[in-house]
Amino acid sequence: MTSNAYLEVTDKRPPRNQYLTVRQFTWDLVNTEEDCFDLLRMNLEAFDRLVYILKGTGRLHDTIHCNVAEQLAIFLHAVAHNEKNRTLKCYFKRSGATISYYFNEAMYAIISLHDEFIKPPRGETPQEIRDNPRFWPYFKDCVGAVDGTHIPAKLPSDVIARFRGRKGWPSQNVMVACSFDLKFTYVISGWEGSASDSRILECALTRNHKIQCPQGNKLPLKLYLK
């Protein structure tokens, strides 16, 4: 006799009847510019480009059950709206196990792109500084801006106190650097919400994978704005 636990693990059928096939549903989901941006926080061109990159580089693959576009849509919809697995499985007509599997597949694929998209700044003065009389020559040695933000976090009860900072709720204190054309050049995450910004900046300057400050022509280093 088959146990109920075994059936719960192996039953991959959608949780309810479908009026459309899953692939038709996904196509309708991202078929319009407005719906794509509302649901995935990304326009159609960017979504298609990301699908092309992930599929073309072999980071994600179409399966007989779920194509790359749907795998990516599951991940983007979850992170864009902080959706739970229970909500996603009804929305995408998938089991909770399938949603969890493809969410993780897409997440690790996205993370693996960091070397291609998060690049340290170059040594020359950014065009946004050179072409703006408000900034030139006062900020000629600046290559970007650094700031921090608190990201809500769910944690085990034995460590939650360390992550509760001045915001009053558990969080990670994440520091990022970006160039003046709004491209990320550095990210450091994982710090407790109670950690000060200066402590995280010190870590970013001294750790193995530290923030890069390129050499300048007149000053020893180019600088970041804080």
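Biologist: What makes up the count of helices and strands in the protein?

Modeller: There are 10 helices and 4 strands. Helices are DSSP runs of H or I with at least four residues, strands are runs of E with at least two, and both are numbered from the N terminus. From that end, the order is α-α-α-α-α-α-α-α-α-β-β-β-α-β. This is a predicted model, where local features need pLDDT of at least 70, side-chain atom pairs count only at pLDDT 80 or more, and totals for chains, interfaces and linings use all residues. Residues are numbered from 1 along each chain as its sequence is written, and side-chain values use heavy atoms, with hydrogens and water left out.

Biologist: How do you know that the span of helix H5 agrees with its number of residues?

Modeller: H5 covers residues 68-81, which is 14 residues. The expected span is 1.5 Å times one less than the number of residues. That gives 20 Å, and the end C-alpha atoms are 20 Å apart, so the two agree.

Biologist: Why is H5 called largely enclosed?

Modeller: Buried means under 20% relative accessible area, exposed means over 50%, and partly exposed lies in between, with a 1.4 Å probe and protein chains only. In H5, 10 of the 14 residues are buried, so the rest of the structure largely encloses this helix. Among them are Val68, Leu72, Phe75 and His77. Across the protein, buried residues make up 32% of the 226 residues.

Biologist: Why are H5 and helix H7 called roughly perpendicular?

Modeller: H7 covers residues 96-111, and the two helices pack at an angle of about 85 degrees with axes 8 Å apart. Axes are lines fitted to C-alpha atoms, for helices over the stretch in contact, and angles run from 0 to 180 degrees between N-to-C directions. Under 35 degrees counts as roughly parallel, over 145 as roughly antiparallel, 65 to 115 as roughly perpendicular, and the rest as oblique. The angle therefore makes H5 roughly perpendicular to H7.

Biologist: Which residues of H5 and H7 meet?

Modeller: Contact means heavy atoms within 4.5 Å. From H5 come Gln71, Leu72, Ile74, Phe75, Ala78 and Val79; from H7 come Ile99, Tyr102, Phe103, Ala106, Met107 and Ile110. They divide into 11 nonpolar, 1 polar and no charged. Here Ala, Val, Leu, Ile, Met, Phe, Trp, Tyr, Cys and Pro count as nonpolar, Asp, Glu, Lys and Arg as charged, and the others, Gly among them, as polar.

Biologist: What is the phi of Asn82, and is this residue buried or exposed?

Modeller: Most residues other than glycine have a negative phi. Asn82 has a positive phi near 55 degrees. This residue sits in the loop between H5 and helix H6 (85-91). At 60% relative accessibility, Asn82 counts as exposed.

Biologist: Why is Arg41 called partly exposed?

Modeller: Its relative accessibility is 47%, so Arg41 counts as partly exposed. Arg41 lies in the loop between helix H3 (33-40) and helix H4 (44-56). Its phi is also positive, near 60 degrees.

Biologist: Why is Pro121 called buried?

Modeller: Its relative accessible area is 16%, so Pro121 counts as buried. Pro121 is in the loop between helix H8 (114-117) and helix H9 (127-130). Pro121 and Ser179 are 58 residues apart in sequence, yet 7.1 Å apart in space, C-alpha to C-alpha.

Biologist: What is the omega of the peptide bond from Trp136 to Pro137?

Modeller: Omega is near 5 degrees, and the bond is cis. Pro137 is in the loop between H9 and strand S1 (142-152).
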